[in-house]
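Please look over the notes below with the model open beside you. They go point by point.

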Amino acid sequence: MANYRKKIDETATEPKGPGRPANAENREYDIVPAELTRCLKCGSTDRTPYQGSPDVLRQPGSDVTVVTTWRRCQCRQCGQWRKDKYQQTETT
Ligand SMILES: [Zn+2]
């Protein structure tokens, strides 16, 4: 699990520069999806990991390119397959 408290180096005798102390452990990060997708059939958010290669559609516009990605997964609650759709823009 993520540890949000900063580790304090009590053995340090002089101020440190930017960055973490040399003997500090790597912090673990939870990766949290911006949108929590939900099964349309049963409402559950519990799903299998995304499977296979995603479908990607790139739609270039005058200012930005809209990138739409569909990732396949299966609801763990009722077994319904779905594609989770995610959209982002890239400046061109
Ligand atoms: Zn479901």
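1. Start with Lys-85, which lies in strand β3. Strands here are DSSP runs of E, at least two residues long, and they are numbered from the N terminus. This is a predicted model, where local features need pLDDT of at least 70, side-chain atom pairs count only at pLDDT 80 or more, and totals for chains, interfaces and linings use all residues. Residues are numbered from 1 along each chain as its sequence is written.

2. Now look across from Lys-85. Trp-70 stands opposite Lys-85 in β3. Lys-85 is in contact with Thr-68 and Trp-70, leaving aside neighbours within four places in sequence. Contact means that two C-beta atoms, placed from the backbone, lie within 7 Å. Thr-69 is 16 residues from Lys-85 in sequence, yet their C-alpha atoms are 5.7 Å apart.

3. Another facing couple is Thr-65 and Glu-90, the latter in β3.

4. Step back to the whole sheet. It is open, with 3 strands in the order β1-β2-β3 and antiparallel pairing. β1 (51-60) and β3 (81-91) stand at the edges with a single partner strand each, so one side of each has no neighbour in the sheet. From one strand to the next, the twist averages 20 degrees. The axes are lines fitted to C-alpha atoms, and angles run from 0 to 180 degrees between N-to-C directions.

5. Gln-80 lies in the loop between β2 and β3.

6. Gln-80 counts as partly exposed because it has 14 C-beta neighbours inside 10 Å. Not counting residues up to four places away in sequence, Gln-80 touches Cys-39, Lys-41 and Cys-75. Leu-40 is 40 residues from Gln-80 along the chain, and their C-alpha atoms are separated by 8.8 Å.

Notes
Two strands pair if DSSP finds at least two bridges between them. Helices (H or I, at least four residues) and strands (E, at least two) are DSSP runs, numbered from the N terminus. A residue is buried if 20 or more other C-beta atoms lie within 10 Å of its own, exposed if 12 or fewer, and partly exposed in between; C-beta atoms are placed from the backbone.
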